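Please keep the sequence and the three-dimensional view at hand while reading.

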Amino acid sequence: MRRASLYSNSPRSRAVVRPQPESPENPVEAPAKRRWRDLYSAYERQLLFGALVLLLLLSLSSHFRSEPVAQTMAPPAALDPSPVATVYNAVQGAIVRIRTAADALEHDEYLQRSSGSGVVIVNRGTIVTSLHVVAGAGRIRVMFADGLESDAKIVSQHPENDLAVLQAETVPDDLAAATMRPKADLKPGDAVVAVGFPFGIGPSVTAGVVSGLKRQFRTTAGDYLSNLIQFDAAVNPGSSGGPLLNAAGEVVGIVTAMLDPGGGGFAGIGFAVPIETARGAAGTPPF
């Protein structure tokens, strides 16, 4: 009798090999976890690329945050002068202070009879002012913008317009004369600037507008002045004789009076003699 072969192809004789159950004595080991070095090695390129992108983003963020600070710390741009300052700069070299004394030999400034203002219209030392500033004075002293003082005398006067023309005995070498312009171009509401020595303080600058034209005013002496420019730039005693200027820094009038109904100072109404009227007082056309 033949023995059945273990490798017989017969279905009955074919051996079925079944997996043996795991033995508790020989457990299957779990695969070892990758360490961080293995992970770094596996993803080295990705990590380096990510770090580079992060550094770039941080750099850009820092740049945009610091830009406004840099703008804040930048020095401010130079400010343009105001229109009033521009007007004053155009005429300041021609402004004079006028002081008078009853006695021609009086030298004590504390005993001066009055003070007022004036403006140079010819660089040889010809000055226009209000007549009431110098009328009846025994001595007239003028102080120019550079501080030089000189005696002066009246060379022409027009009481009907409260105007006087003075000639200084000594003048600065580089004396400036103001530019004058007829008031024909003036309109109510136009900007004007008054410069003078109110209460002897100055030169002082005030600004306002033309309030009206062809006004009349009665002085304390009872005289009537006509064809006046009314304006609201502040003027006070001592401002008389100073220039009234337009926005271009040109003299359009000579301050002559202010309305003071209560005796307490400027009330918002001042008057100036048109500069074309001063042409006749000076004897020659000033423009």
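A nonpolar patch, as the term is used here, is made of residues with over 30% relative accessible area and no salt bridge, whose nonpolar side chains are joined within 5 Å. The model to which this definition is applied is a predicted one.

Which residues make a nonpolar surface patch? Phe49, Val53 and Leu57 make one of about 300 Å². Of these, valine 53 belongs to helix 2, which covers residues 44–73. Valine 53 has a relative accessible area of 34% and is therefore classed as partly exposed, because that class lies between the limits of 20% and 50%.

The next region to consider is the loop between strand 7 (191–196) and strand 8 (204–218), where proline 203 is located. The peptide bond that joins glycine 202 to proline 203 is cis, with an omega of about 5°. Phenylalanine 199 is also found in the loop between strand 7 and strand 8. Its phi is near 55°, a positive value in a residue other than glycine. Is phenylalanine 199 buried or exposed? With a relative accessible area of 56%, phenylalanine 199 is exposed, because the class begins over 50%.

Definitions and conventions: Residues are numbered from 1 along each chain as its sequence is written. This is a predicted model: local features need pLDDT of at least 70, side-chain atom pairs count only at pLDDT 80 or more; totals for chains, interfaces and linings use all residues. Side-chain values use heavy atoms; hydrogens and water are left out. Patches are made of residues with over 30% relative accessible area and no salt bridge: like charges are joined within 9 Å, nonpolar side chains (Val, Leu, Ile, Met, Phe, Trp, Tyr) within 5 Å. Accessible areas come from the Shrake-Rupley method with a 1.4 Å probe; for residues, only the protein chains shown count as cover. A salt bridge is a side-chain nitrogen of Lys or Arg within 4 Å of a carboxyl oxygen of Asp or Glu. Helices (H or I, at least four residues) and strands (E, at least two) are DSSP runs, numbered from the N terminus. Buried means under 20% relative accessible area, exposed over 50%, partly exposed in between (1.4 Å probe, protein chains only).
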